[in-house]
Amino acid sequence: MRTLKSQHLGALYTFSEVGRHNTLTSAAKAMHLTTGAVSQQLLQLEQQLGFTLLERHSRGIRLTEKGKQLHQNVSFHLAEIDAEIASLQRNTGKKQEIRLKLTPSFAFKWLVPKLESFHDVYPDIQVQIFAEGALVNADTRDFDLAIDYRPHAFKHPNAELLLDEYLLPVMNPRYLERHQWLQNDAGKSEHWQGVTLLHDAMPWEKAEKDLEWRNWAKAMQLSVPTDRGHFFNRTDMAMSAAEAGVGIAMARMALIDNELETGRLVSPFSPIKANAGYYLISNVQDESTESFVKWLKGMIG
């Protein structure tokens, strides 16, 4: 006996959007519906299914345990359907389009400034960039290509190392002037007590929030209290804070454009290997994605 009915399908999509946005209001706005219409669809879906999907309270909504389980499966299969439709559209020659997922830091600091050169060579290929979260979920198929920052050696059947990364502590020139010991006697722990460390607290999933600073200090054989300072969920935010004079950021060399050349950021140190890099993950291989990957590797050199 088939449990899924035709009247469930639209409401299941609405439910997946509500779970993704975490509020009825933002989900309704994304779907160009009223909050009341979304709420009514969910109530009808719960009645049809026979169990509760959402717990409603004064501060918003929360998925029930059954709701979480259903949302995970619905979201996955909707993404699979979307990926299959996109693949079929490409194969019919309807359009040349690439769905690219990557982190905001890599998008803003590395890819976007270079993207015009791709369009100069391939003007008919549209690149849709999705840089919504600090981390990329490589286990879904809602993208054609993805670029994600991962520790070596990242295990994924469709992944290849695109670019090795190096770490470098950076600060603005005035900050270095106030802490001249960084150039001469950086090994004393008491000195480091007086500086503010700026962290990317989420370099990848389940990473400890001071991981990059701790690895750098260990490699340099320095005594640095790495659990102090300010923590961000994006490395470009930490670099911006360093440029503003807030403290010292652990920068990734691939994401430094001309900050060092122009003197907006400075460092008395040399880069060290991050034991991590940017991995290219491919879900689709066609003429458009092959052209993009060729261009991408050419930009890296």
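The accessible surface of the chain comes to about 16300 Å², and 49% of that area belongs to carbon and sulfur atoms. Accessible areas here follow the Shrake-Rupley method with a 1.4 Å probe, and for residues only the protein chains shown count as cover. This is a predicted model, in which local features need pLDDT of at least 70 and side-chain atom pairs count only at pLDDT 80 or more, while totals for chains, interfaces and linings use all residues. Residues are numbered from 1 along each chain as its sequence is written, and side-chain values use heavy atoms, with hydrogens and water left out.

**The chain as a whole**

- Along the principal axes, the C-alpha atoms of the chain fill a box of roughly 75 × 50 × 35 Å.
- You will find 13 helices and 10 strands in the chain; these are DSSP runs numbered from the N terminus, with helices being H or I of at least four residues and strands being E of at least two.
- Of the 301 residues in the chain, 44% are buried (buried means under 20% relative accessible area, exposed over 50%, and partly exposed in between, with a 1.4 Å probe and protein chains only).
- Among contacts between residues at least 6 apart in sequence, 73% join residues at least 24 apart; a contact means heavy atoms within 4.5 Å.

**Helices α2 and α3**

- Helix α2 (residues 24-31) packs against helix α3 (residues 35-49) at an angle of about 105°, with their axes 8 Å apart. Axes are lines fitted to C-alpha atoms, for helices over the stretch in contact, and angles run from 0 to 180 degrees between N-to-C directions.
- The two helices, α2 and α3, are therefore roughly perpendicular to each other (65 to 115 degrees; under 35 is roughly parallel, over 145 roughly antiparallel, and the rest oblique).
- On the α2 side, Leu24, Thr25, Ala28 and Met31 meet Thr35, Val38, Ser39 and Leu42 of α3.
- By class, this contact of α2 with α3 has 5 nonpolar, 3 polar and no charged residues (Ala, Val, Leu, Ile, Met, Phe, Trp, Tyr, Cys and Pro count as nonpolar, Asp, Glu, Lys and Arg as charged, and the others, Gly among them, as polar).

**Strand β6 and its partners**

- Strand β6 (residues 159-170) runs antiparallel to strand β10 (residues 272-282), joined by 7 bridges; two strands pair if DSSP finds at least two bridges between them.
- Opposite Leu163 stands Tyr278 in β10.
- β6 also pairs with strand β9 (residues 248-252) in the antiparallel sense, over 4 bridges.
- Val170 has Ala249 in β9 as its bridge partner.

**A look at Ser291**

- Ser291 lies in helix α13 (residues 287-300).
- At 14% relative accessibility, Ser291 counts as buried.
- Leaving aside residues up to four places away in sequence, Ser291 touches Phe118, Tyr122 and Ile125.
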